[in-house]
Structure formats: structure tokens, C-alpha cells
Amino acid sequence: MDLLYVTLGWIGIYAPVALGSMGSIIGCARAGQAAIGALLDVESGYGKYIGLSAMPSTHSIFGIVIMLSLNMKVDAVHGPGLFAVGVLSGLGLLICGMCQGQACASSIQASKSKPEIFGISIAPAGIIEGFAVFILVFALVLSGSIKG
């Protein structure tokens, strides 16, 4: 039984990076496709579309920070807690990355036709980023409780 808890602990340590990176990949790909499509339709402002398409990449960074906070002794006592915090925070980052990519793609599509709304159109992507920051902060807080 101890081996199972240790295995779950190691999965929990690596899950935030793996799942957060998956969300970043999917989100950046989705927003990047929209940016490339927009480049064909506009004559200027390419940088803002490319920059916006990279916004979902922050979820990988958040996953790295969470993984580093969970990097502690893995045994039968700490394994279940590491698994719960790591996998659930990773799943949250995965979903945030995917949804942020969709929000960025919508912003790019809307602002290519109406450039004056670019700033306000990225608000939904910013709100999603806020939820990812919540995941990061609470994972850091809970990782401190596991050590005890």
C-alpha cells in the first residue's frame, strides 16, 4: 500500500507542470491559429495578435512554481496530499489554458474587424488568468500544509 501512496505522490508533484503545459499548448495553438488568420486580413498591428496568442503560456509557468512548492519527501504520509493538490491544480490550469486560448482567439477575431475594441476584448482572457492565479496561490498555501 505504501508503494501506491508514493506513486501517487510522484504523480502529484509532476501533474501541475504536465497538465498546465497541456493547457498552454492547446490555448496557444488555438489563439495562434486565429492570429495567423488575422494576419491575412489586416495591414498592420501584427505584434498585438502574436503577443495575445502567447498569453496562455503562463499556465506552464504556474505549473512549474506549484511543482517546486510540492517538491518534498514522498512517502505514504505525504503522497495522498501531494496527489490531491498536484492533480487538481494541474487540471485547473489545463482548463484555464484551453479556455484562455479560446478567449484570445475570439478577441483576435473581433478586433481585426473593429480595432478600437482590442483592449476591452482581452478582458475575458484576463479574467481567466485571474482564476489561474487563484489556483496558483491556493496550491502554494496548501503545499505548506502538506509539509506539516
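A search of the whole structure turns up two salt bridges, counting a side-chain nitrogen of Lys or Arg within 4 Å of a carboxyl oxygen of Asp or Glu. Keep in mind that this is a predicted model, where local features need pLDDT of at least 70, side-chain atom pairs count only at pLDDT 80 or more, and totals for chains, interfaces and linings use all residues. Residues are numbered from 1 along each chain as its sequence is written, and side-chain values use heavy atoms, with hydrogens and water left out.

**Salt bridges**
- Asp 41 and Lys 112 pair up through their side chains at 2.7 Å, N to O.
- That pair ties together distant parts of the chain, with Asp 41 in helix α1 and Lys 112 in helix α4, 71 residues apart; helices here are DSSP runs (H or I, at least four residues), numbered from the N terminus.
- Lys 112 is partly exposed, at 23% relative accessible area (buried is under 20%, exposed over 50%, partly exposed in between, with a 1.4 Å probe and protein chains only).
- The other bridge joins the side chains of Lys 73 and Asp 75 at 4.0 Å, N to O.
- Lys 73 counts as exposed because its relative accessibility is 60%.

**Helix packing**
- Helix α1 (residues 2-41) packs with helix α3 (residues 58-70) at about 180 degrees, the axes 7 Å apart; axes are lines fitted to C-alpha atoms over the stretch in contact, and angles run from 0 to 180 degrees between N-to-C directions.
- So α1 and α3 are roughly antiparallel to each other, a label for angles over 145 degrees.
- On the α1 side the contact includes Gly 12, Ile 13, Pro 16 and Gly 20, while α3 brings residues including His 59, Gly 63, Ile 64 and Met 67 (contact means heavy atoms within 4.5 Å).

**Around Ala 103**
- Ala 103 sits in helix α4 (residues 79-113) and is buried, with a relative accessible area of 14%.
- Setting aside neighbours within four places in sequence, Ala 103 touches Pro 124, Ala 125 and Ile 128.
- Ala 103 and Tyr 5 are 98 residues apart in sequence and 38 Å apart in space, C-alpha to C-alpha.

**Nonpolar surface patch**
- Ile 127, Phe 131, Val 133, Phe 134, Val 137, Phe 138 and Val 141 make a nonpolar surface patch of about 680 Å².
- Patch members have over 30% relative accessible area and no salt bridge, with nonpolar side chains joined within 5 Å; areas come from the Shrake-Rupley method with a 1.4 Å probe.
- Val 133 belongs to helix α6 (residues 123-147) and counts as partly exposed, at 35% relative accessibility.

Terms used:
Patches are made of residues with over 30% relative accessible area and no salt bridge: like charges are joined within 9 Å, nonpolar side chains (Val, Leu, Ile, Met, Phe, Trp, Tyr) within 5 Å. Helices (H or I, at least four residues) and strands (E, at least two) are DSSP runs, numbered from the N terminus. Angles under 35 degrees count as roughly parallel, over 145 as roughly antiparallel, 65 to 115 as roughly perpendicular and the rest as oblique.
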